[in-house]
Amino acid sequence: MITRQIADNVHAFSVDDHTTPLFEGLWPVQPGGVTYNSYLITDEKNVIVDLTREFKAETLLDAVSSIVELKKIDYVVVNHMEPDHTGALRTLLRIAPDIQILCTSVATSMLDSYYSVKTNIREVEDGEKLSIGKKTLSFHHTPLVHWPETMVTFDETGGTLFSGDIFGSYGAVPEQVYDDEHAKLDDYIKESLRYYTNILSKFSPQVEKAVQSVKRLSPKVIAPSHGLVWRKDPGRIVDLYAQWASFAVTGGEPGATLIYATMYGNTAQAMNAVVRGLQHESVPVNVFNVNETHLSYILPSLYTNRGVLIGSPTYEGNIFPVIRHVLTDVGAKRIFNKSAAFFGSWSWSSGALREITSMVKPYHWDVAESLEFEGAAKESVVKQAYDLGVAFGKRIKSGK
Ligand code: FEO
């Protein structure tokens, strides 16, 4: 864990987690880890903004108490109720029971349901300001970024935005707190995109609204609850989030993601020919065997590329089950508005194409090219698969 002063009277506590294998019990985060950032604002009133997971409570509270006695903290701001930011709350309240909690009204019932906390809660309105001495804080509701109760907190005097989940990322950053300290910022941003697609893509319309609110505040420093603090170029992470949110409507950029599964190698053979066709058209393609790569790592490609190719054998007259699973989750994440194509082998009954076409219709995926073939990927099939790749590549380049 690292403690840094990030602005006048503002300390950041970056609590690294290198042991939890799955973020939200779903998304792999090791070996890179994840941070839970908490912030302390010292003024006539002392304020702590967001906390950490329950099992990291001692680590955080020890660090905070080295700067200010816990009983001298006046407010704890709960920007977001998810337990990665509130797990330490009960421990803090046991030590300092007079702390007042600042949160949205939606968070109030969650405080009760999660922690049986019913008192010392002050609900803040959207845009409400609070003087804490020399500094004034303001609170801005950002519902569904990431839960319905979420808000961000702005230090109006110093210009630091405590943004909660938005503008965050996977990746523990043990020696770096700031964007300008990270030696491989582009790699970090790739992890930010994975985090976005795993956690926030479903809520892209709400992210877009939140980004507009944040732009109006013109923060000098963006201090999220996960990952780096952006002090050199806060506009970069704001613009990236704006771009990612826009992909929910545009379908993404002109590139392709190919997801496939294979039972006996025939659909894989067709996949190789499809890829050659795409390469002939110089269309970049990311290929994923869905049995070998966790969905967490497939989602960034699916989300950002407008083109999606699905290679699925027919299994018992329907889509291959693992492909169905991926497509179900893709729908849940609202990864919509794609140009799509299908290919796959069948043995005693076709059916995968029929089910896939029906599955992706509500996602507004346009499945224009398809190749369902019986049995082996014979020479004629390989030629058709290559031609499918070429046709799809041309379609992607034409912007359709
Ligand atoms: Fe970092 Fe939605 O919790």
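Which residue takes a positive phi in the hairpin of E1 and E2? In this predicted model, the residue is Asn 9, with a phi near 60°.

View 1. Strand E1 covers residues 2-7, and strand E2 covers residues 10-17. The two strands run antiparallel and are joined by 5 bridges. Between them lie 2 residues of the hairpin, where Asn 9 has its positive phi. Among the paired positions, Thr 3 has Phe 13 of E2 as its bridge partner.

**View 2. The pairing of E2 with E5.** Strand E5, residues 34-41, pairs with E2 over 8 bridges, again in the antiparallel sense.

View 3. Val 10, Ala 12, Ser 14 and Asp 16 point one way from the strand. His 11, Phe 13, Val 15 and Asp 17 point the other way. Residues on both sides are buried. Because 8 of the 8 residues of E2 are buried, the strand is largely enclosed by the rest of the structure.

**View 4. The largest pocket.** This pocket has a volume of about 270 Å³. Its lining consists of 14 residues, and those nearest its centre are Ile 189, Lys 190, Glu 191, Leu 193 and Pro 300. Helices H5 (185-200), H7 (234-250) and H9 (295-304) each supply at least two lining residues. H5 gives the most, with 6 residues. By class, the lining holds 7 nonpolar, 2 polar and 5 charged residues.

**View 5. The largest pocket and the two domains.** Domain 1 spans 2-249 and domain 2 spans 251-395. Both domains give residues to the lining of the largest pocket, so the pocket lies between them.

**View 6. The second largest pocket.** The volume of this pocket is about 210 Å³. It is lined by 16 residues, of which Met 263, Pro 313, Thr 314, Trp 346 and Ser 347 are the closest to its centre. Helix H8 (266-280), strand E18 (314-315) and strand E20 (339-346) are the elements that give two or more residues to this lining. The lining of the second largest pocket has 6 nonpolar, 9 polar and 1 charged residues.

Conventions
Residues are numbered from 1 along each chain as its sequence is written. This is a predicted model: local features need pLDDT of at least 70, side-chain atom pairs count only at pLDDT 80 or more; totals for chains, interfaces and linings use all residues. Side-chain values use heavy atoms; hydrogens and water are left out. On a 1 Å grid over the protein atoms alone, a cavity is a set of points where a 1.4 Å probe fits but cannot get out, and a pocket is an open set with protein on both sides within 12 Å along at least five of seven lines; lining residues have an atom within 4 Å of a point. Grid points are joined across faces, edges and corners, and a volume is the space filled by probe spheres set on the points. Helices (H or I, at least four residues) and strands (E, at least two) are DSSP runs, numbered from the N terminus. Ala, Val, Leu, Ile, Met, Phe, Trp, Tyr, Cys and Pro count as nonpolar, Asp, Glu, Lys and Arg as charged, and the others, Gly among them, as polar. Domain bounds come from an automatic or database domain assignment. Buried means under 20% relative accessible area, exposed over 50%, partly exposed in between (1.4 Å probe, protein chains only). Two strands pair if DSSP finds at least two bridges between them.
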